Amino acid sequence: MYAVAPPNRSDPFPGFITGSDELRVYQAWKGSNKFCLGGRFIFGPDVRSLALTVFLIVAPMSLFCVFVARELMFDVANNWGISIMVIAAAFTLFDLVLLLLTSGRDPGIIPRNAYPPEPESCDGNSEGVQTPQTRLPRIKEVEVNGTTVKIKYCDTCMLYRPPRCSHCSICNNCVEKFDHHCPWVGQCIGLRNYRFFFMFVLSTTLLCIYVFGFCWVYIKRIMDSEATSIWKAMIRTPSSIASIVLISYTFIAVWFVGGLTGFHIYLITTNQTTYENFRYRYDQRVNPYNKGVAENFKEIFCGSMPPSRNKFRDKIARETGLPARPVASSAGFVSPNMGNKGVEDIEMGRKAAASWSELEVPLSDRGDALELVENKSNSLAETSPESRTMVDESDRIGIQHLRRASWGRKSGSWEMSPEVVAISSSRMGIGSSTRSTDSSRQNV
């Protein structure tokens, strides 16, 4: 039996690509990243936390400039007071720029392969279990600075990760020299943004110390000018109250950002990443990447920045008629290709239902098709109630096509297609005649 084909949708299915023949790389990106300004900035999926980080920087600095730095401008001789305001504003702007460079750039994402690599013959450099689909060795061994290092195969990206590379489960990308995923900046920290991340943490620590110190300077000037105790000076003016709030805030914050700065200084001196430090513990074995303190710092801050492996704004061919991300078929799954002529039905393994117009059936032959459906219904009605409960596979297909006839309805309309009305009326007539026959048999 045939049902009416689904109507043309003006809004495509989620992830279903329609339109022109080309799109940009960031539009077909398979990771969890979010892009801004046409792919010029790439962020992590938790980019909203970046707004909280900006607020935690801008709010206390605004409080400092309005209440503390403005008062100190008139108290410091030789016009040096205005420099306190200028340095605070410039330092804050510098900190925010470093935050953007850390959060909005490619951290070192390795592009995915469209297909898994060709299986190689087993040799002494592979070990462990093999991947179930491609029979590739799960682990390989490579040599780095005279030390054997194991590299793993990534099933998601379909590649062997280079040394010091790891797959971030949050961004869903393999990141080169993966350090960690920082929720405060909403981005992975890797090869291409670690330098800016460390400078951001260090500048935030110095900014806390700067505000903390000048707030105490203002409290001390109140104590000297009015010859009062420190406790009375703290509540003497609104600016002094703001100073105490900022002193408390920066004292707490410096323990976090200062401790993080010290930890990353240790990592740089030993040429480790956060991921390697917590997982491999190089203090218990040889670190093949350690070149000495001077060379390690030179590698981080003086080395050239490698270009991004991804050209997010390049144009690529569109995969017409295919979803952007594969979705596993399951019960109740509706394929976007259902109803299109010549497309296989995913659930049934047969051709999808087609309309009368698509099949190009003449009007004179449509009555014969409906007659075949009625004969099928009559054969079902003549059977006993017990046998009618057993529906063969062909009947299930007909029922499935009846359900698909609901595609012919518009949203909010319960108007049924003519074919379904004809079949329903014929079955109702058969059902009523069957019930009357059963009742007459009981009377006899």
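The model is predicted: local features need pLDDT of at least 70 and side-chain atom pairs count only at pLDDT 80 or more, while totals for chains, interfaces and linings use all residues. Residues are numbered from 1 along each chain as its sequence is written, and side-chain values use heavy atoms, with hydrogens and water left out.

**Overview. The protein chain has twelve helices and twelve strands.** Both are DSSP runs numbered from the N terminus: helices are H or I with at least four residues, strands E with at least two. Of the 444 residues, 34% count as buried. Buried means under 20% relative accessible area, exposed over 50%, partly exposed in between (1.4 Å probe, protein chains only). Contact means heavy atoms within 4.5 Å. Among contacts with a separation of 6 or more, 61% join residues 24 or more positions apart.

**View 1. Helix α2 spans residues 81–103.** The helix has 23 residues and reaches 34 Å from its first C-alpha to its last. That is close to the 33 Å expected at 1.5 Å a residue, taken as 1.5 Å times one less than the number of residues. Its buried residues are G81, I84, A88, F91, T92, D95, L98, L99, T102 and S103. An α-helix has 3.6 residues a turn, so residues three or four places apart point the same way. The cover over the buried residues of α2 includes β3 (41–43), α1 (49–75), β11 (187–189) and α3 (194–226).

**View 2. Helix α2 packs against α3.** The axes come within 9 Å and cross at roughly 155°. They are lines fitted to C-alpha atoms over the stretch in contact, with angles from 0 to 180 degrees between N-to-C directions. The crossing angle makes α2 roughly antiparallel to α3 (over 145 degrees; under 35 is roughly parallel, 65 to 115 roughly perpendicular, the rest oblique). Contact residues include F91 and L98 of α2, and F200 and L207 of α3. The contact residues divide into 16 nonpolar, five polar and one charged. Ala, Val, Leu, Ile, Met, Phe, Trp, Tyr, Cys and Pro count as nonpolar, Asp, Glu, Lys and Arg as charged, and the others, Gly among them, as polar.

**View 3. K177 sits in the loop between β9 (173–175) and β10 (180–182).** K177 counts as buried, at 15% relative accessibility. Leaving out residues up to four places away in sequence, K177 touches R164, C165, I189, G190, L191, N271, T273, E299 and I300.

**View 4. S166 lies in strand β8 (residues 166–168).** S166 is buried, with a relative accessible area of 6%. Beyond four places in sequence, S166 touches R161, N173, C174, V175, F178 and Y275. S166 and K152 are 14 residues apart in sequence and 9.0 Å apart in space, C-alpha to C-alpha.
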